[in-house]
Amino acid sequence: MTQTSQIASEPLLALEGISKSFPGVRALRNVSLSLEQGEIHALLGENGAGKSTIIKIMGGIQSQDEGQIFLNGKECHFSSYKDAISAGIGIVFQEFSLIPELDAVDNIFLGREMRNALGFSRKNEMTRIAQGIFERLGVRTRFDVPVARLSVAEQQFVEIAKALSLDVQVLILDEPTATLTPTEAELLFNVMRQLRDQGIGIFFVSHHLEEIFEICDRITVLRDGARVGVLKTSECTMDHLVERMVGRKIENTFPPKPALNIAERILEAENIRFVSNGHPNSFYLREGEILGFAGLVGSGRTETALALIGALPCPGKTVRIEGREVSMGNPAQALRHGIGILPESRKTEGLILGFSIRDNISINNLAQYTRPIGTIDTAREKRKTQELMSAVRIKAPSDETTVVSLSGGNQQKVVIARWLNRRSRILIFDEPTRGIDVGARAEIYTLMRNLTAEGYAIIMISSELPEIVGMCDRVAVFSHGVITTVLEGDAISSEEVMRHATASVKKFAVDALSA
Amino acid sequence: MQQQALKSSQSMHSLLERYRASKFARSTAFLPAVGLFVVVACMIALNSRFLSFGNLENVARQVSINAIISVGMTFAILTGGIDLSVGAVMALAGTITAGLLVSGLNAGLAILAGLGVGALFGAGNGVCIARLGMPPIIVTLASMSIARGLGLIYTNGYPISGLPDWFAFIGRGKVLGIQTPILIMFVVYALAYLLLQRMPTGRYIYAIGGNEEAVRLSGIDSRKYKIIVYLIGGFTAALAGVVLSSRLMSGQPNAGVGFELDAIAAVVLGGTSISGGRGSIIGTLIGAMLLGVLNNGLNLLEVSPYVQNVIKGAIILLAIFISRQRGTASAH
């Protein structure tokens, strides 16, 4: 009797005591998860809370340092994604893994094509099976065009169909709605309900709380790599969830914010849009302040900054520096007007990895060392580089060290030093502490405050709420490409920022109309 | 006893380490220099005539044309691009200079016109690549065809002869006992070295090959420098064309077929990374000399030209294989 009830209560997929560390970071600490058959289960947490890592562990893409995975009560060891698939776990990643030039059928059967005796592909048979899967999903798509020509939602369904064609029992959807319109998302939810009713267990990752309340049965909340709660959706409220998500004491030591003074506006930007028919955003930046750009990943923060400096085309914008209108068609013009950017990805956009610290710092400032005959005074360049290195405290054997061998924090400081060398007075820091350990973070925070004290003004784009709350004098909150609010002073709190970041734009548009 | 052996092997090891860390050994021109040394040593061992002054001068002169073209190719490859039009542009510039000289135009103007056409072609390549975002290999493939065609149109397909006698000075003359083409080659290399190693423009060229997006976001107008790079490529090709016309004392519309491949070979043998960002102009000079010495040596050894092609190809493969091994070894 007891045995049967045990079998009945056995979860479809269970993770027990999973821990995982990366150099300098403990990504997961003793996390346990369970997924029942026919359940839609939300994984909720801020960026960096450990959701992606745990998904990768479930999919065999990364291996856990500690802990066990049970599927139908049997312990499993996945050494690759392939292992996980054959065990019955399918993942639809945030970034699609479809091959854009192939049609849906070829994508679904990629690597497992059905062939006849002569080795030719049995396209008709595969198409029939694919059609069957789509019928099961209750959606239609075109099979005769490359998937690149399908809508994002349709591509998503192709991804899901691909996972289902593998006969999965567990389906993991990593932020599937991030790129969908509300109608498309509704379609996806219907598909998810269908699958649930067919007994498939689904992990669903989304930052949009309304969506979670609409579709999920249970919610696991992760924070800082640890599980902080498992809740039944029917038994909790949105406020409760937000508090769980962000409700930590801010452990990072942020330097004190200076008293809010009414400083001059150093930068005014109007009608900034990063797609031609997008919402025109306007904002300003005051001397000596840190303005945060908060919002979810993909909410348009980085794009807005790039459009401001002309790295993305943005016709019709108006930019004023100290009240004077300037033209800012490309980053070179932005540099001349004293705006510098610390890009989101320091490795692909910030640094020339194979080059020395010196080359990287002085790249946009060589004129300073150039003799009248046009050659570079390397001795002067070296001296100045060493000065800057000690000013921002780059720890490296010498200025000749290639930046690829530096730690993340030191790499970030190299990019910062580049702009200090230019005396660019407006700095845009895009995710300045991403992938950086706690000690180096504190150093970067202090450096930022020292800069603002000297009159630099900083726009900080960050996905980390504590950082936004702890560092910013004002915060512009983005949702779906729109600055929905600008918070100032005491009004800046994690809950408030999260509330505006997850606000649906539909609601905002209505507000804007009625205002 | 064992300890001693261990100690001495350790000190050997550290000596080796120190040598490996030295600037020269780390430079991309190191392996090519070793390669040149080995090939020269082989040639000396195999044939006594190789080391004569006359023969060495001969090698240097034969190398000069390819070496001059390879300067522009080095610039293009350093930015991560390529320039396939150099051979055709060389022929076009050579025939234009020859044609204008025969028509009686002032000598200086005729040469300038040839060089100008080359630079213009290069700048055109640069604009298509940098401003219009077209891929370098396609742009220069197209302009190769255009330049070749224009040269044939200009000459009606026949070589232009009857050049004034003094013009032979550029291709065959001597200055201070040095053959003029060799002197021109060294001047071009000296200027290119100065530009690449000592001036901001050179730094940008390397940086664009290293990470163009980072260069752009740090406020450098990377497009401008890419145009300059291809302009230089067209100019050096045209300069080689003028030297060649002078050496042959005629404007040959069909000259330089396949020269772009020799130039790429020289650059790559010289240790420059085909994906850009790493390499040196000195390496290219060494690469061009390596090819020249091979040509000359194999000729002296009376190896059939057919076989020579196979050997050259094999050596290029071997060189890249060795440099890749070294590259992956140092990356870890």
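Predicted model: local features only at pLDDT ≥ 70, side-chain atom pairs only at ≥ 80, totals over all residues.
In chain A, 19 helices and 20 strands are assigned, whereas the assignment for chain B comprises 14 helices and two strands. The radius of gyration of chain A is 25 Å, which agrees with the value near 24 Å that a compact globule of 515 residues would have. The C-alpha trace of this chain extends over about 85 × 55 × 50 Å along its principal axes. Of the 515 residues of chain A, 53% are classed as buried, and for the 332 residues of chain B the corresponding share is 49%. When contacts with a sequence separation of 6 or more are considered, those between residues 24 or more positions apart make up 66% in chain A and 78% in chain B.

One open sheet of chain A consists of six strands in the order β6-β7-β8-β3-β9-β10, with mixed pairing. Its edges are formed by β6, covering residues 89-92, and β10, covering residues 226-232, each of which pairs on one side only. From one strand to the next the twist averages 20°. Strand β9 (residues 218-223) of chain A runs antiparallel to β10(A), and six bridges join the two; within this pair, A:Val221 is placed opposite A:Gly229 of β10(A). Two helices of chain A are found packed on this sheet. Helix α2, residues 51-58 of chain A, touches β3 (40-44), β6, β7 (170-174), β8 (201-205) and β9 of chain A, and the direction of this helix makes about 135° with that of β3(A). Helix α6, residues 152-165 of chain A, is in contact with β6 and β7 of chain A, and its direction makes about 170° with that of β6(A).

A further open sheet of chain A is likewise built from six strands with mixed pairing, here in the order β16-β17-β18-β13-β19-β20. The edge positions are taken by β16 (339-342) and β20 (482-488) of chain A, each of which pairs on one side only, and the twist averages 20° from one strand to the next. Within this sheet, strand β13 (residues 290-295) of chain A is joined by four bridges to strand β18 (residues 457-461) of chain A, the two running parallel; A:Leu291 has A:Ile459 in β18(A) as its bridge partner. Helix α18, which covers residues 494-501 of chain A, packs on the sheet through contacts with β13, β19 (474-479) and β20 of chain A, and its direction makes about 30° with that of β19(A).

Pairing is also found for strand β1, residues 13-22 of chain A, which is mostly covered, with seven of its 10 residues buried. Strand β1(A) is connected by five bridges to strand β4 (residues 66-71) of chain A, and the two run antiparallel. In this arrangement A:Ala14 has A:Phe70 in β4(A) as its bridge partner.

Leaving aside residues up to four places away in sequence, A:Ala396 is in contact with A:Ile357, A:Met389, A:Thr401 and A:Leu406. Between A:Ala396 and A:Asn410, which are 14 residues apart in sequence, the distance from C-alpha to C-alpha is 8.2 Å.

Conventions:
Residues numbered from 1 in each chain as written. Chains lettered and ligands numbered in written order. Heavy atoms only, no water. Pairing = 2+ DSSP bridges. Axes fitted to C-alpha atoms, helices over the stretch in contact; angles between N-to-C directions. Contact = heavy atoms within 4.5 Å. Rg over C-alpha atoms; globule rule 2.2 N^0.38 Å. Buried < 20%, exposed > 50% of the residue type's maximum accessible area, 1.4 Å probe, protein only.
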